[in-house]
Amino acid sequence: MIDERNDGELISEVLRGDDALFEVLLDRYLSAAYGFAYRLVNNKSDAEDIVQDSFLKAWKALKQYNPEKKFITWLLAIVRNTALDHLRKKRTVPFSAMEMGEDAPPIEETLVDENDLPDETFRKVEDKLFAESLLEKLPILYREVVVLRYQEDMDFKEIGEALGRPVETVKSQHHRAMRMLREQLSNAPE
Amino acid sequence: MRPGYSSQLARPTLPDHLRGRVLAALESHRRRTARIHSGIWTLLGLTSLAVAGLSLQSAWGQMIQSGFGYYFALMFSDVGALAASWKELLLTLAESMPLLGLTIFLAALWTLLESVKGILSNYRNMSLPVRFAK
């Protein structure tokens, strides 16, 4: 049976002691959490570990959840941090690469070309696996923006909340990601 | 989904066992936490029981020493004296009452009752059938 209560109501009930309602939240967001984790680490087993840890962390920290924000952005922020910790432990990604602005000129981070139509870049991409392989080549800083934008269908404000970045930074990172993907696409064999 | 790239970027297929795995981890954490809390409440309960016993014993000894029992009994045995000097009698009772000992006893008793409540609540969490569905 589908529970029609909104996330805030469910969380209030869980905090009042009805633990079982957390399961409803799990059912709502498990797929999104796994999808995001998987795109960050590109490994099914690691993504499962990350999702499990993330839901445990969310459960423990539920009192700290701010009901004025969307639960999904809060949860995906936990997933992201858990995934980054996981990658750091495995040393597959240098610490600096995960931090903002380390691999991009600061001025460029603030510039957004409004005339650019990034979605158009991928009109030509018809093969799903090819699209995913392009994504895997992106640095994690940009990949997470693209995944939240196109896989989770979030707007820039929500992405900013989930990643803890200003909206303008997210927009410029999205723009740069699109440019990188376009370059990869143009270099790909026909 | 957004047009263009989004049509190619669908969520990866969710592994069938993942939901059960997450629920099992939550259940395990809940039980472990309940066990730890139960242990802490038990320790606190035993300590408060000991403190309550000692403080009651000490308060009782002080009551006998200070004559509290005598003045207390006087209130009921001599109504005439009570009516004539009830203020002085009440003041004497208050002065002879072992306030510190009684305060410690009441605090220990309250802690003991809270501990029993905590133990029962956590015991329920540990012993109930799995809270989350499998």
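Read along its sequence, chain A follows the pattern α-α-α-α-α-α-α-α-α-α, with 10 helices and 0 strands; helices (H or I, at least four residues) and strands (E, at least two) are DSSP runs numbered from the N terminus. The model is predicted, so local features need pLDDT of at least 70 and side-chain atom pairs count only at pLDDT 80 or more, whereas totals for chains, interfaces and linings use all residues. Residues are numbered from 1 along each chain as its sequence is written, chains are lettered from A and ligands numbered from 1 in the order in which they are written, and side-chain values use heavy atoms, with hydrogens and water left out.

Of the 190 residues in chain A, 54% are buried (under 20% relative accessible area, with exposed meaning over 50% and partly exposed in between; 1.4 Å probe, protein chains only).

The largest pocket is lined by 17 residues, and Asp19(A), Trp59(A), Lys63(A), Thr33(B) and His37(B) lie nearest its centre. Two or more lining residues come from each of α1 (7-15) and α3 (44-60) of chain A, and α1 (18-66) and α5 of chain B. The largest share, 5 residues, belongs to α1(B). A pocket is, on a 1 Å grid over the protein atoms alone, an open set of points where a 1.4 Å probe fits, with protein on both sides within 12 Å along at least five of seven lines; lining residues have an atom within 4 Å of a point.

Helix α5 of chain B (residues 99-127) also holds Leu100(B). Leu100(B) counts as exposed because its relative accessibility is 63%.
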